[in-house]
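Have a look at the picture first, then read on.

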Amino acid sequence: MKKPDLIIKNGTIFNASGSFKADIAVKDGVITCISEDLRDGNNVIDAEGKIIIPGAIDIHTHIDAPLHGSKTMDDWFDATASAAFGGVTCVVDYPIQDPGQSLHQVIENSYEKARDKSVLDYSFSPVVTQRTERAYEEIPELIGEGFPTFKVFMAYAFRARDEELIRLLDVISYNGGILGVHAENDWAIEYMTQKMIQEGKTDPIYHCLSRPPVTEDEATGRIIRLAEMVDAPVLIVHVSSKGAVEEVIKARSCGRPVYAETCPHFLILDEKVYDQPIEEAAKYVVTPPIRSREHRDALWNAISSGGISLISSDHCAFSLKEKLRLGTGAFNKIPHGAPGIETRLPLIFSEGVCRQRITMEKLVEMLCTNPAKIAGMYPKKGIVAVGSDADITIIDPDASSVISTSTMRGICDFSPFEGHKVCGKVWKVIAGGSVIVNDGCLQAEPGRGKLVIRERFKPF
């Protein structure tokens, strides 16, 4: 028998189902053995005192994306290199369908952007903005080709009407996919926004006040009920409000396949971030907006209880310079989004595990296993197990750091968590059996990542 390409020794392995101490053998990019006292690898990593988890998976990103009248800063090399430094080994991006563009063209154009640059495995969830007959015909085709996840907006110029929402839910679910939904009542928000601007209320705080929690609560309840009408699973993305969480929990208690995603900025920050000059407050203009502590606490409780199924970054790296250029004088012109792909795992480890809000198993469930299940990649990814891809993140729990754009790999000119102290540190990242991050050094070439062809969605 040939020697393993890599052996990882002496670490403690955490999956969503539990933990154990063992060695891991890797051959040809796949985990081939998990046992005690493995020897004779071509490369050996001693992970004594370290925590080993499946490579983190981020299924909500906006990379190299034209959006909100602007464009995000990072291309597929810089974004995925940044992700790797944050312990991520696979991303599923949300490319937006342009007018006149087919859904197949969305995938093809995104693949052209990613294939020679991404250092991580990747895939795409098209955002369906053109609800044409051709789009409805393409959906079953794309699902059959390995793209089972889609997204639709109930907000912005892309907002879908109820009859479009229910048809998307029906067609996607019937063919084995799942729809992610940005749930806000945009008609009410548009009225509130215009009213505030007419009253001269233009500062970033009014971004928050024009999108109160009730607009998210109502839209979340509505999409859940539409999904129930056609017996469809649904993913509610970037949930930020207590009322939206309650809608999800109520549906799940009745056995409905409703899944909620939240993000680190909703779990760590509060609405006081908007009570600053625009040069600072613009950093936090994300959608939905940052809410009060009451909502933050409800999200943490829902993670522990199972009401929240996953934590994604919603990485959308507009520059602060661009946010200020477009948005000075009118809060509704500030591009909505912030970087977060590199800080997601460190923040959830620090704020969740180190502060005993959640267990390590729950962290793996939220950042690795459930994202893989929703995206149709489990058990190939999202678990440390024999036969799974050798995508592994190793954490040094005894290290600590301070989040700073001056030391991060990402190229965005700000972080919403600047100066935030975190315990633990991503020590090594292994993707496809190769060490791609080694104690703060990138060891991966552009284009090493591969397009992941995914399976149909299975409710869990």
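This is a predicted model: local features need pLDDT of at least 70, side-chain atom pairs count only at pLDDT 80 or more; totals for chains, interfaces and linings use all residues.

Residues are numbered from 1 along each chain as its sequence is written, and side-chain values use heavy atoms, with hydrogens and water left out.

**The whole chain**

The chain has 14 helices and 21 strands. These are DSSP runs numbered from the N terminus: helices are H or I with at least four residues, and strands are E with at least two. Along the principal axes, the C-alpha atoms fill a box of roughly 70 × 50 × 40 Å. Why call the chain a compact globule? With 460 residues, such a globule would have a radius of gyration near 23 Å, and the 21 Å of this chain agrees with that. The radius is taken over C-alpha atoms, and the rule is 2.2 Å times the number of residues to the power 0.38.

Of the 460 residues, 62% count as buried. Now take the contacts (heavy atoms within 4.5 Å). Among those with a separation of 6 or more, 77% come from residues 24 or more positions apart.

What about charge? There are 51 positive and 63 negative side chains, and the centres of the two sets lie 1 Å apart. Lys and Arg count as positive, Asp and Glu as negative, and His and the chain ends are not counted. Each charge is placed at NZ of Lys, CZ of Arg, CG of Asp or CD of Glu.

**Inside the fold**

A nonpolar core is a set of buried Ala, Val, Leu, Ile, Met, Phe, Trp, Tyr and Cys residues joined through side-chain atoms within 4.5 Å. The largest one has 102 residues, and Ile-53, Ile-139, Ile-223, Ile-236 and Leu-363 have the most contacts inside it. A second, separate core has 24 residues, including Cys-90, Leu-235, Val-237 and Phe-318. Back to Ile-223: not counting residues up to four places away in sequence, Ile-223 touches Met-154, Leu-165, Leu-169, Val-181, Val-234 and Ile-236.

Our opening residue, Ile-107, sits in helix H2 (residues 103-114). Leaving out residues up to four places away, Ile-107 touches Phe-124, Pro-126, Leu-142 and Phe-147.

Pro-233 lies in the loop between helix H7 (213-229) and strand S15 (234-236). With a relative accessible area of 11%, Pro-233 is buried. Apart from neighbours within four places in sequence, its contacts include Leu-169, Tyr-259 and Phe-457. Pro-233 and Phe-457 are 224 residues apart in sequence, yet 9.1 Å apart in space, C-alpha to C-alpha.

**Out towards the solvent side**

Here are some C-alpha pairs to find in the picture:

| Pair | Apart in sequence | Apart in space |
|---|---|---|
| Ile-107 and Met-73 | 34 residues | 20 Å |
| Gly-440 and Val-26 | 414 residues | 22 Å |

Glu-445 comes in the segment after strand S21 (441-442) and counts as exposed, at 59% relative accessibility. Gly-440 is in the loop between strand S20 (434-438) and S21, and is partly exposed at 41%. Beyond its neighbours within four places in sequence, Gly-440 is in contact with Phe-85 and Trp-427.

Most residues other than glycine have a negative phi, and most peptide bonds are trans. Which peptide bonds are cis here? One joins Thr-287 and Pro-288, with omega about -5°; another runs from Tyr-378 to Pro-379, with omega near 5°. Pro-288 is in the loop between helix H10 (278-281) and helix H11 (293-305), and Pro-379 is in the loop between helix H14 (360-375) and strand S18 (392-402).

Asp-37 has a positive phi of about 55° although it is not a glycine. Asp-37 is in the loop between strand S5 (30-35) and strand S6 (44-46), and is partly exposed at 47%. Gln-356 has a positive phi too, near 60°, and counts as exposed at 72% relative accessibility.

Key
Buried means under 20% relative accessible area, exposed over 50%, partly exposed in between (1.4 Å probe, protein chains only).
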